[in-house]
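Please find below some notes on the model.

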Amino acid sequence: MALVEVIGHLIREIAVSADLNMDEQQSKKQLNGLYDLLLERTLDLSSYVRTKVLSTLAKLCDLPVKFPKQRLAITRVAVDCLEDKAAGVRKAAVILIVKLVVTHPYGLMHGGFVGQREWEKRYEDVVKELQKVEKEVAKVVERVD
């Protein structure tokens, strides 16, 4: 459990001070290796270690640097941990998923905060397109019959 915590602190230090003393390729390589080590520990036999890994990953979500590839892998691991036998692991997985959603970098990917009206508008546009396609498919099916 202590090693998991140390790996989390190493990731935090490298991510915060990556631009100061190392080249970008080396720091990316180190970060990927450390994240891989953490994600491997989610398969540990001890439920305490699995819980500690998930809580460490939740703490790493607060970093100013967002790691999209690692966030995707972390999300997959968290969803898998929802089926764990230990209740503590499932609880930590839910907390991690909530933290991933709350700290998602919407501003970088979608141009700002996610507004309900914007998503409803997008949803309505997609529904209209889907209805058009369904009408065309229905016409083709009628012709075949």
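Which backbone nitrogen lies 2.9 Å from a polar atom of the side chain of Asp84? The backbone nitrogen of Ala86 does.

This is a predicted model, in which local features need pLDDT of at least 70 and side-chain atom pairs count only at pLDDT 80 or more, while totals for chains, interfaces and linings use all residues. Residues are numbered from 1 along each chain as its sequence is written, and side-chain values use heavy atoms, with hydrogens and water left out.

1. Asp84 sits in the loop between α4 (68–81) and α5; helices here are DSSP runs of H or I with at least four residues, and strands are runs of E with at least two, numbered from the N terminus. Asp84 has a relative accessible area of 15% and is therefore buried. The classes are buried for under 20% relative accessible area, exposed for over 50%, and partly exposed in between, with a 1.4 Å probe and protein chains only. Leaving aside neighbours within four places in sequence, Asp84 is in contact (heavy atoms within 4.5 Å) with Arg50, Val89 and Arg90.

2. The Asp84 salt bridge. Side chains of opposite charge can pair when their charged atoms come close. A salt bridge is counted when a side-chain nitrogen of Lys or Arg is within 4 Å of a carboxyl oxygen of Asp or Glu. The side chains of Asp84 and Arg50 meet in one, at 3.0 Å from N to O. Because Asp84 lies in the loop between α4 and α5 and Arg50 in helix α3, this pair ties together parts that are 34 residues apart in sequence. Both Asp84 and Arg50 are buried.

3. Other salt bridges. The count by this rule is seven. In one of them, Lys52 pairs with Glu5, the closest N and O atoms being 2.8 Å apart. Lys52 belongs to helix α3 and Glu5 to helix α1 (residues 2–21), so the pair ties together parts 47 residues apart in sequence. Lys52 has 21% relative accessibility and so counts as partly exposed. A network of salt bridges links Glu5, Lys52 and Lys59.

4. Lys121 and Asp125 form a salt bridge at 3.3 Å, N to O. Both residues lie in helix α7 (residues 116–144), four residues apart, about one turn of the helix. Asp125 is partly exposed, at 32% relative accessibility.

5. Leu54. This residue is in helix α3 (residues 47–60). Is Leu54 buried or exposed? Leu54 is buried, at 0% relative accessibility. Not counting residues up to four places away in sequence, Leu54 touches Val77, Cys81, Val89, Ala92, Ala93 and Leu96. Leu54 and Val4 are 50 residues apart in sequence, with 9.8 Å between their C-alpha atoms.

6. Leu100. Helix α5 holds Leu100, which is buried at a relative accessible area of 6%. Leaving out residues up to four places away in sequence, Leu100 touches Cys61, Arg71, Ile74 and Thr75. The C-alpha atoms of Leu100 and Asp62 are 9.2 Å apart, across 38 residues in sequence.

7. A nonpolar surface patch. Val79, Leu82, Val94, Val98 and Val102 form this patch, with about 400 Å² of accessible area together. Patches are made of residues with over 30% relative accessible area and no salt bridge, joining like charges within 9 Å and nonpolar side chains (Val, Leu, Ile, Met, Phe, Trp, Tyr) within 5 Å. Areas come from the Shrake-Rupley method with a 1.4 Å probe, and for residues only the protein chains shown count as cover. Helix α5 (residues 87–102) supplies the largest share of the patch, three residues. Val98 is in helix α5 and is partly exposed, at 46% relative accessibility.

Conventions
Polar contact = N/O pair within 3.5 Å; in protein donor to acceptor, adjacent residues only side chain to side chain.
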